[in-house]
Structure formats: structure tokens, C-alpha cells
Amino acid sequence: MDDDRTTRASVIIVGAGISGIAAAKVLAENGVDDVLILEASDRIGGRIRKEQFGGVTVELGAGWIAGVGGKQSNPVWELARESNLKTCFSDYSYARYNIYDRSGKIIPSGIAADSYKKAVDSAIQKLSQEQASTAHDVSLLADLPSAPKTPVELAIDFILHDFEMAEVEPISTYVEFGEREFLVADERGYEHLLYKMAESFLHISEGYILDSRLKLNKVVRELQHSRNGVLVTTEDGCLYEANYVILSVSIGVLQSNLISIRPPLPRWKTEAINKCDIITYTKVFLKFPYKFWPCGPEKEFFIYAHDRRGYYTFWQHMENAFPGSNILVVTLTNEESKRIEAQPDGETMKEAMEVLRNMFGPDIPDAINIIVPRWWNNRFQRGSYSNYPIHVNHQHFNDIKAPVGRVFFTGEHTSEKFNGYVHGAYLSGIDTSKALLDEMRKDKGRKTENTQAFLLEPLLALTGSLTLAQPDALSNLHKFDLPRQMFLPEPIL
Ligand SMILES: Cc1cc2nc3c(=O)[nH]c(=O)nc-3n(C[C@H](O)[C@H](O)[C@H](O)COP(=O)(O)OP(=O)(O)OC[C@H]3O[C@@H](n4cnc5c(N)ncnc54)[C@H](O)[C@@H]3O)c2cc1C
């Protein structure tokens, strides 16, 4: 049998996104360096993902460091500064003055400003209604805000609700770290921050991680846990055992049936997981032979007003980030994202070209290349990021991040303040590992106290006849669910 089939470690981390890598780094810094990171895809980064497109490096997943310029420094901004990551300030404030109608006319700024104010008022009203309905306060439920009707109202409503630039409730990220956002425009990609983190505890050579503690293409399909340890099975039939596991997979994956957990998670946990919504957010990149759109600092973002909400609404040119790249990006969300994921990319290019010709006239050139990321149909993601309903409370977050026995949870969705963001994922990885280290210390204390009693356990006599190198014994135990973790060594601390 392949040696790889029965690997063991103190801690297994499922997923090598930023939360998983940050969690592993904290463990390594605290002496737990026999960690095993199992990643389903062939790369680290998860939802931080670069791609070469049209001669530059574009970010298919997270693109911005959001929350910069406040009193407190965003930790991801700090990592970017330490690495001299090239970024570019995004000024969204002019976007509302660059709204095109279907005949290519720019909506006069007065009308745009009025529609914007109306949409903000209506969003605030809707928010207080949602709060009132959660608090069962009927007196506040009388006036329902009017639904957006015109293409301009629909476009602004889309930007307010589906796009992160102008949400109405106070967002912890902006309150704590500042309101500025910077687009990563670095050939090394946003993922460079993960490689910098990884190089402090994994062996990296010439940009490649060459360390057997990181295993790529390992799709975790089953997780067995007991009072004494965990046993993880991957799609290729390998078995990994450890004292603890940290699950850093997305909320979409937790809601899917990709990983079967035995015994199943308790009801309070599954309820917390299922209560969370997932946003699908798709950036479609289009490469052109030359640019035909207005450039300049106030023109970076522009909006298309169509009578179908969210139909190729939000556009950005990449000239500020990558001058001369001749690339446009259009953002679609949720149902529109799922719709274009299901059709051939050529169809999406045709639709986008029709929209662009409505805005800029019939003579513009055809796009020469397109990328349509598929976050929804990616079984290792199942969406782009978590979106908690407004009425979700503190207890819910406690439940979503609370460990179940030896199974710990991390990832952007476990961050009460910063869910949905890279810094939320990063900080959650650190927090989860700190909680696990506490647990390991307590466990070690308990074990020391019980050593005498433990030595008398009759089951211990079996250890001599059962070793991890015995595949048959292993598979039998797996099948009959015996407490094989009884025999696992102590965690290293
Ligand atoms: C299109 C898009 C745009 C975004 N824009 C921004 C932005 O501008 N700014 C911002 O701050 N945030 C943004 N985000 C959100 C940000 O990318 C995420 O919050 C963050 O990267 C999540 O990190 P994570 O470690 O929690 O999860 P992930 O990065 O998803 O890591 C989880 C890992 O688990 C792996 N995995 C899944 N299932 C298994 C399995 N069964 N076995 C083994 N491994 C498994 C996955 O392959 C993945 O690598 C965006 C996200 C998307 C998708």
C-alpha cells in the first residue's frame, strides 16, 4: 500500500485559502509544526486567484483590499505593504455620474443624483422594516418603500444592494479600518501574500511550495471524529489521522454534501450553517484590440441602465491598474452569475458586446478574449462569499465558529465583523488556531492528570497489536467505527 494512505499529524487543516494558511502559520509559530494541509484544488489561495489574461495578471476572486485609511490598520493592508504589493486606489464616488442608458446617452447628473438619493432612502427604510419585523414592531411596518422601476433606479438599486461599494448600514470594515479600497494590480497576484505567509513555515523553492505538509489535489470527502481524534478520507482513497481538524472550506461547501461528517454535526451547528446566504459575484474580463471607452480618473467605473436588474450593469476599465491593457471588467451577481455560468462563454461575449454597442455605438471592435469565472459551479466553492441576513445575531456567529468536539471551523464566514472579506478570512484563521491551541493545552493538562488511570485502561494493551502501518486493521476500524483514536499519540505542544 502507498505510504501516503495513512499519514498522521497533530492537526489537519482542510483547505489552503488564506484562512487555512494563516491558521497553519499560527500553529507552527506555537510549536505545532506537524500540521497537514489538505487542499482539493491544484493550488493554494482558494478565492484569491490570479490568472494571466491579455498580457497582465487579473484577479478572478478577491481583487480589492477593502478598508484602508482609518485609525486602525487593516492587517491585510499591512501584509501588502510589507510585500510592496502594487495596488491602485479605486474611487467609486463618480460611478453614479457615468450611467449610460440603452441609447448611449449619459444620464444627467441631477437625475442620477435624485435616483441615488431615492434608492438610499428606500434602502434605509427597507432596513428599518427588516429590523422592525425581526423585533415584531408592527408600527414601523406601515410604509413599504416603493420598488425601483426605471432602468436608472434598477441600476442604482443593484449597485446599492448587490455590489459592495455603497451599502447603507455601517460596515465594520469601513468603520474600523477606513473607507478606502485599493485594487491589487501586481503581477505576483494577491496570492503573493499567501506565499509570503507560507514561506515562514513551509519549504518554498523558486516560488513553489515543496513541503509534504501541504498536499494539493486532495479532496476531503469524509471526516470521522470522536472524543479521541479525527480520521479524514480523501476522494483518492487516502486516509489521514490527527488529533484535531480545522475545516476552512467555504459556507457553500459546508452546505453541500461534498464532505460527509460522522457522527453528523449537531442540530445547532447545521442550523447556523444553513441560515447563511451565499452571494455569487462574477467578474467577467474582456480583452479588446484597442480602447474605445472614456478614460481618466473619474471614468474608471461606469454603469449601464437596463430594464432587467443586474444585466451587465457595473463596468470598470483596467487602464488605471494596467495602462494599455485594453481590458474591461463587468460584474454580475447571483441569478445573472448563475445564468452566464450555465451558457457558453461565446454567448456571454455576444451579450456583453451588445450592451457595449448600446453604450458606445455600433463601430466598436469585438472583444478578442473573455474569462468567465464559475464560482457557483465550482464544487470547492459553491458561491463567492457569505452574506448574513440582517437579523443574524451574535449567538449565530458563536454557533458557526464553535468547534464540535475535535472539529474546528474557520474561514471568512466565521468572522462576525468582517465576513465576506479577505481580512475576515485571515483574522478568522488566526483566531481559530488560538482557540485550538488553548484546547490543546487544556487537553494536555487533562491527560497529564489522568495518566495513571489511562495506563490502567485494558484497551491500551491492544496498541502493541495495532499499528498505523496496518492497512487492513485501519480499514476495519474505519468500517466498524471503533475508537481507533484511543491509540493516537499526544499532540505536540
Ligand atoms: C469573485 C470574488 C470577489 C471577491 N472580492 C473580494 C474583494 O475584492 N475583497 C475582499 O476582501 N474579499 C473579496 N472576496 C472574498 C474573499 O476572496 C474571501 O472572503 C476569502 O478569500 C476567503 O478565504 P477562506 O480561506 O475563508 O476560503 P477559501 O479561499 O475558499 O479557502 C478554502 C479552501 O478550501 C478548499 N476546499 C474546499 N473543499 C475542500 C475539500 N473537500 N477538501 C479539501 N479542500 C477543500 C478550497 O479549494 C479552498 O482553497 C471575493 C471573493 C470572490 C469569489
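The ligand lies between domain 1 (3-48 + 190-276 + 389-456) and domain 2 (64-69 + 79-185 + 279-371), because both give residues to the shell around it. The domain bounds come from an automatic or database domain assignment. This is a predicted model, in which local features need pLDDT of at least 70, side-chain atom pairs count only at pLDDT 80 or more, and totals for chains, interfaces and linings use all residues. Residues are numbered from 1 along each chain as its sequence is written.

The shell around the ligand holds 42 residues, the closest being Gly15, Gly17, Ser19, Gly46 and Ala425. Helices (H or I, at least four residues) and strands (E, at least two) are DSSP runs, numbered from the N terminus.

UniProt, in an unreviewed entry, places the feature "binding site" at Ser19, Glu39, Ala40 and Val220; such annotations may be inferred rather than shown by experiment. Glutamate 39 sits in the loop between strand E2 (35-38) and strand E3 (50-53), while valine 220 belongs to strand E12 (residues 220-226).

| Residue | C-beta neighbours inside 10 Å | Class |
|---|---|---|
| Glutamate 39 | 25 neighbours | buried |
| Valine 220 | 24 neighbours | buried |

Buried means 20 or more other C-beta atoms within 10 Å of the residue's own, exposed 12 or fewer, and partly exposed in between, with C-beta atoms placed from the backbone.

Beyond four places in sequence, valine 220 touches Val14, Leu38, Ala40, Val232, Thr234 and Ile259. Contact requires C-beta atoms, placed from the backbone, within 7 Å.

Conventions: A residue is near a molecule or strand if its C-beta atom, placed from the backbone, lies within 6 Å of it. Two residues are in contact if their C-beta atoms, placed from the backbone, lie within 7 Å.
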